[in-house]
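Please look through the sequence and the three-dimensional model shown here. The report that follows takes up charged side chains, strand pairing and backbone angles in turn.

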Amino acid sequence: MAEALAPRFASYTRTTESIHIKDLVLFGDTMDVKLHKAGKDPVKSQGGTINYTLQSSTHARPGVFHHGTVQLKKGSWFHLIHHEEVDGEAVGKFHLCSVSGHSYHKIENVWSRYDWCHYRNWGSIGDDDEEDDDKEDEGEEDEDEEGDEDKEEEDLLLRSMIHLVAVDQMDDGKYTEIGRITMDSDCIEGDWHYGARLVDPSTQQAYAYIFGDALVNDELGDDYYKLPESDFNVPLVDFALVNMPRSPSR
């Protein structure tokens, strides 16, 4: 690929973290990945000028997903979690860094601060989350006032973490966690906490998830607004590690 197609990309680094996914994935802050949200339909906004969708769980391609980071030339970076069958560097370089659309919160495959991370961004907890927490905390002893300061620091740390959680449905219909990758949010530079997923249109399954606002900040700063727009529905074979037929669009 010509350098002009990926002017922002600097490098891709894979970490040692991996996760096995069967189907459903919870993605977001501590409250977004509560197990009671698995399997529920997305909730779309009603009225108003801002359109958003509160995501529950999403369908991912079964298999092992690897965690890595993509570094941009200007120094910013973002998290990338991708299926073992795809090339993480190719995903970062030849698609994520060569298109626009990361700031378009009306796109189904893009998450904005309206769609998720309300607990991380504002400390917001829904009624169902409070009930769920009460059940999880049942039986725990009340903390002493001396520990309030430590608890506040722990809460701030808890709010800052982003999780990708693999879940599986048991025979009784309930969901259980089968794996998790936890990421810090040090990559966030602004106040927009964006994420996205790459989805294979033939299966409607995601094969890559990203978290970070580096690409969004580029778009809002008009640095790369002339790049082609993407809806992030892209055939997996375009980035496959094995010799598979490429899609006609590539």
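## A buried aspartate

D32 is buried (under 20% relative accessible area, with exposed meaning over 50% and partly exposed in between, for a 1.4 Å probe and protein chains only) and yet has no salt bridge, the nearest side chain of opposite charge being K37 at 4.4 Å. A salt bridge here requires a side-chain nitrogen of Lys or Arg within 4 Å of a carboxyl oxygen of Asp or Glu; for charge, Lys and Arg count as positive and Asp and Glu as negative, while His and the chain ends are not counted. The model is predicted, so that local features need pLDDT of at least 70 and side-chain atom pairs count only at pLDDT 80 or more, whereas totals for chains, interfaces and linings use all residues. Residues are numbered from 1 along each chain as its sequence is written, and side-chain values use heavy atoms, with hydrogens and water left out.

D32 belongs to the loop between β2 (24-28) and β3 (43-44), where strands are DSSP runs of E with at least two residues and helices are runs of H or I with at least four, numbered from the N terminus. When neighbours within four places in sequence are set aside, D32 is in contact (heavy atoms within 4.5 Å) with L26, F27, K37, W116 and C117.

## Salt bridges

Side chains of opposite charge can pair when their charged atoms come close. A search of the whole structure finds 4 salt bridges, among them the one between D168 and K22, at 3.1 Å from N to O. This pair links distant parts of the chain, with D168 in strand β9 and K22 in the loop between β1 (9-21) and β2, 146 residues apart. D168 is partly exposed at 24% relative accessible area, and K22 is likewise partly exposed, at 43%.

Another salt bridge joins R61 and E85 at 2.8 Å, N to O; because R61 lies in the loop between β5 and β6 and E85 in the loop between β7 and α1 (88-96), the pair ties together parts that are 24 residues apart in sequence. E108 and R197 also meet in a salt bridge, at 3.9 Å from N to O, which links the loop between α1 and β8 (110-111) to strand β11 across 89 residues. E108 counts as exposed at 58% relative accessibility, whereas R197 is buried at 10%.

## Strand pairing

An open sheet of 4 strands has the order β5-β2-β9-β10 with antiparallel pairing, two strands being paired if DSSP finds at least two bridges between them. β5 (57-59) and β10 (175-183) stand at the edges with a single partner strand each, so one side of each is left without a neighbour in the sheet. Strand β9 (residues 162-169) is joined to β10 by 8 bridges, and V165 has R180 in β10 as its bridge partner.

Strand β7 (residues 77-83) has 6 of its 7 residues buried. β7 pairs in the antiparallel sense with β6 (residues 63-72) over 7 bridges, and with β12 over 4 bridges. H67 stands opposite I81 in β7, while H82 has A208 in β12 as its bridge partner.

## Positive phi angles

Most residues other than glycine have a negative phi. Q204, in the loop between β11 (195-200) and β12 (205-211), has a positive phi near 60 degrees and counts as exposed at 53% relative accessibility. F232, in the segment after α5 (214-220), has a positive phi of about 65 degrees, but F232 is buried, with a relative accessible area of 0%.
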